[in-house]
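The stops below are given in the order in which to select them.

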Amino acid sequence: MIGLPFVASWSGGKDSAMAYYRALQSGAIPKRVWTMFEEDQERLKSHALPIAIIKAQAERLGVPLMTRGADWNGYAEQFLDAMKECKDAGIHHGVFGDIDLEDHLTWIRETCAKVGMEAVHPLWMEPRKKVVKDFVEAGFEAYIVVVNTTMMPSEFIGRKFTKELIDELEAQGIDSCGEAGEFHTVVVDGPIFSERVPIVFSGQHERDGYVFLDVTLE
């Protein structure tokens, strides 16, 4: 990847941040980050973060933010449109944060290939616990902002991502990487940012078996 320009799929959470970091370490050059929002482009899919948070992260990454909005039925079409825009701009590599879910990796690779993009997965097949420990050791600061209450207790909402939290999750039989959708995070600082993202937790709400932390800019 030395010297190759890339666009990074960006969720605002730990896996996308770690994949971006690994791509930088490999010598690749970030040109854009890309985020898929709900149809109204006000809130992020799955992580439920408002667009202001994602914009603040991108500003501190120092690269342009590219967004698309779609429901799940229109996701593939918008994904292809975003990747084609990057390809037309001379960006031929997309960086993604998948770790070991084979079906999703296959979908990403096959979909990127339709427009001549090459999908790169810097975290692929690393042990999940190693990924999260490396994340903490690299100096990232992140918090749990979504909890699937059918898979883990709601009291983990708002917790800072630390080695102690990793051990606590593992002790309760919870995947500390959250790869099956147990939880989602927001990253507010780390080696990829020029400065910390100033966030405020203003409350929480529940919907469809999930607890969401209300996150705004300070």
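Select Val146 and His184: Val146 stands opposite His184, which lies in β7. This is a predicted model. Now extend the selection to both strands, β6 (141-148) and β7 (183-189). They run antiparallel and are joined by six bridges. Colour β7 by burial next. Six of its seven residues are buried, so the strand is largely enclosed by the rest of the structure.

Step back to Glu182, in the loop between α6 (163-171) and β7. Show its side chain. Which side chain of opposite charge is nearest to Glu182, and how far away is it? It is Arg128, at 5.5 Å. Glu182 is buried but has no salt bridge; the cut-off for one is 4 Å between a side-chain nitrogen of Lys or Arg and a carboxyl oxygen of Asp or Glu. What the Glu182 side chain does reach is backbone: the nitrogen of Ala180 at 3.1 Å and the nitrogen of Glu179 at 3.5 Å. To see what surrounds Glu182, select its contacts beyond four places in sequence: Val146, Val147, Asn148, Met151, Met152, Ile174 and Asp175. Val146 is the residue from the opening stop, opposite His184.

Next, select helix α5, residues 128-137. Which of its residues are buried? They are Val131, Val132, Asp134, Phe135 and Val136. Show the elements that cover them, which include α1 (14-25), β6, α6 and β7. After α5 comes Gly139, and its phi is positive, near 100°.

Now hide these elements and select the open sheet of five strands, in the order β3-β2-β1-β4-β5 with parallel pairing. Begin at the edges, where β3 (65-69) and β5 (118-120) each pair on one side only. Look along the sheet to follow the twist, which averages 30° from one strand to the next.

For the last stop, select β1 (residues 5-9) and β4 (residues 93-95), which pair in the parallel sense over three bridges. Strands of a sheet pair through backbone hydrogen bonds, so display the backbone atoms here. Within this pair, pick Val7 and then its bridge partner in β4, Gly94.

Note on methods
Residues are numbered from 1 along each chain as its sequence is written. This is a predicted model: local features need pLDDT of at least 70, side-chain atom pairs count only at pLDDT 80 or more; totals for chains, interfaces and linings use all residues. Side-chain values use heavy atoms; hydrogens and water are left out. Two strands pair if DSSP finds at least two bridges between them. Helices (H or I, at least four residues) and strands (E, at least two) are DSSP runs, numbered from the N terminus. Axes are lines fitted to C-alpha atoms, for helices over the stretch in contact, and angles run from 0 to 180 degrees between N-to-C directions. Buried means under 20% relative accessible area, exposed over 50%, partly exposed in between (1.4 Å probe, protein chains only). Lys and Arg count as positive and Asp and Glu as negative; His and the chain ends are not counted. A polar contact is a pair of N or O atoms within 3.5 Å; within protein, one must be able to donate a hydrogen and the other to accept it, and residues adjacent in sequence count only if both atoms are side-chain atoms. Contact means heavy atoms within 4.5 Å.
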